[in-house]
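The exercises below are meant to be worked with the sequence and the coordinates open side by side.

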Amino acid sequence: MKQRKIPLRKCTGCQEMKNKKELIRVVHNDAGEFFLDETGKKPGRGAYICPNVECLKKAQKSKGLDRSFKKAVPQEVYEQLAKQLCGDIENG
């Protein structure tokens, strides 16, 4: 059997290549909205970040998401990511 290739993406915080399914996708669509993509299939420009608070802080400090989207990311997106990460840590 032919072995399938595992898709890799780079985290905008730590700059490490990781399995796409391990990362959280942030999407910027044509309407100018930013949101988190749970499925990884929603239309729009995507950027990836590791599911930990340290990478989120690094991405915010280095403006990694801003560079990926070539546009300033609103503070609400970072807050939404932080809430999701804190919830994931508490749940498991």
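**Exercise 1.** In which segment is the place of Ile 6?

*Solution.* Ile 6 is located in the segment before β1 (8-10), where helices (H or I, at least four residues) and strands (E, at least two) are DSSP runs numbered from the N terminus. Residue numbers start from 1 along each chain as its sequence is written. The model is a predicted one, in which local features need pLDDT of at least 70 and side-chain atom pairs count only at pLDDT 80 or more, while totals for chains, interfaces and linings use all residues, and side-chain values rest on heavy atoms, with hydrogens and water left out.

With a relative accessibility of 54%, Ile 6 counts as exposed, the classes being buried under 20% relative accessible area, exposed over 50%, and partly exposed in between (1.4 Å probe, protein chains only).

**Exercise 2.** Find the strand order of the open sheet and state how its strands pair.

*Solution.* The open sheet consists of 3 strands in the order β4-β3-β5, with antiparallel pairing; two strands pair if DSSP finds at least two bridges between them. Because β4 and β5 stand at the edges with a single partner strand each, one side of each is left without a neighbour in the sheet. On average, neighbouring strands of this sheet are turned by 30° against each other, direction ignored, with axes taken as lines fitted to C-alpha atoms and angles running from 0 to 180 degrees between N-to-C directions.

Taking the pairs in turn, β3 and β5 (residues 45-49) are joined antiparallel over 5 bridges, and in β5 Arg 25 stands opposite Tyr 48, while Val 26 stands opposite Ala 47. Towards β4 (residues 34-37), 4 bridges join the antiparallel strands, and there the bridge partner of Val 26 is Leu 36. The hairpin of β3 and β4 has 5 residues between the strands, and within the hairpin Gly 32 takes a positive phi near 90°.

**Exercise 3.** Is strand β3 largely enclosed or left open by the rest of the structure?

*Solution.* Of the 5 residues of β3 (residues 24-28), 5 are buried, so the strand is largely enclosed by the rest of the structure. In a regular strand the side chains alternate between the two faces of the sheet. For β3 both faces are covered, with Ile 24, Val 26 and His 28 buried on one side and Arg 25 and Val 27 buried on the other.

**Exercise 4.** Which residues form salt bridges with Lys 18 and with Arg 25?

*Solution.* If a salt bridge is a side-chain nitrogen of Lys or Arg within 4 Å of a carboxyl oxygen of Asp or Glu, the count comes to 2. Lys 18 pairs with Glu 16, the closest N and O atoms being 4.0 Å apart; Lys 18 is partly exposed at 23% relative accessibility, as is Glu 16 at 43%. Arg 25 meets Asp 37 at 2.7 Å, N to O. Since Arg 25 lies in β3 and Asp 37 in β4, this pair ties together parts that are 12 residues apart in sequence. Arg 25 and Asp 37 are both buried.

**Exercise 5.** Which residues of helix α1 (residues 53-62) are buried, and which are exposed on the other side?

*Solution.* Cys 55, Leu 56 and Ala 59 are buried in α1. They cover an arc of only 100° around the axis, which puts them on the same side of α1, the arc being that of the directions from the helix axis to the C-beta atoms. On the other side of α1, Glu 54, Lys 57 and Lys 61 are exposed.
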